Amino acid sequence: MPDNFYELVYKVVRQVPEGKVTTYSAVARYLNNPRGSRAVGWAMRQCPYPNSDVPCHRVIKADGSVGKYGGEGALKKASLLKKEGIQIKRGKIDLARYLFSNFRILDRP
């Protein structure tokens, strides 16, 4: 993995608009690292930027479940997503309705 993988993850996640979500695996696939979902998760966990700059709460699990959110847990993450109009039913988000994966090409070193 290149040294700047986390920064590439943050560039991708910045593209997810309010009211939409993406998955750890979708970000990893976009970055040509299809087995890198966990690395994307670690990047989200260690994100040094404010939530307004990198919306880490908009990255969820591939099965539509919310997953964890830093030290605050899934309830905080679910609360932020609900404020953006995303419905969560039985602990899951309808990816057919809310998934964003139309990422722009990144300038890569």
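**Rings, charges and their surroundings**

Modeller: The charged end of Arg45 lies over the ring of Trp42, at 4.8 Å from its centre (Arg CZ or Lys NZ within 6 Å of the ring centre and within 35 degrees of its normal). The model is predicted, with local features needing pLDDT of at least 70 and side-chain atom pairs 80 or more, while totals for chains, interfaces and linings use all residues. Residues are numbered from 1 along each chain as its sequence is written, and side-chain values use heavy atoms, without hydrogens or water.

Arg14 sits over the face of Tyr49, 4.8 Å from the ring centre, and Tyr49 in turn belongs to a cluster in which ring pairs link it with Tyr6 and Tyr10. Beyond its neighbours within four places in sequence, Val9 contacts (heavy atoms within 4.5 Å) Val27, Leu31, Val40, Ala43 and Met44.

There are four aromatic pairs (ring centres within 6.5 Å; planes under 30 degrees apart are stacked, over 60 edge-to-face, the rest tilted). Tyr30 and Phe103 form a tilted one, 5.2 Å centre to centre with 50° between the planes. This pair joins distant parts of the chain, with Tyr30 in helix α2 and Phe103 in the segment after α5 (95–98), 73 residues apart, and both Tyr30 and Phe103 are buried. The Phe100 and Phe103 rings have centres 5.4 Å apart and planes at 85°, so this pair is edge-to-face; Phe100, like Phe103, is buried.

Terms used. Phe/Tyr/Trp six-rings, centres within 6.5 Å; stacked < 30°, edge-to-face > 60°. Helix = DSSP H or I, 4+ residues; strand = E, 2+ residues; numbered from the N terminus. Buried < 20%, exposed > 50% of the residue type's maximum accessible area, 1.4 Å probe, protein only.
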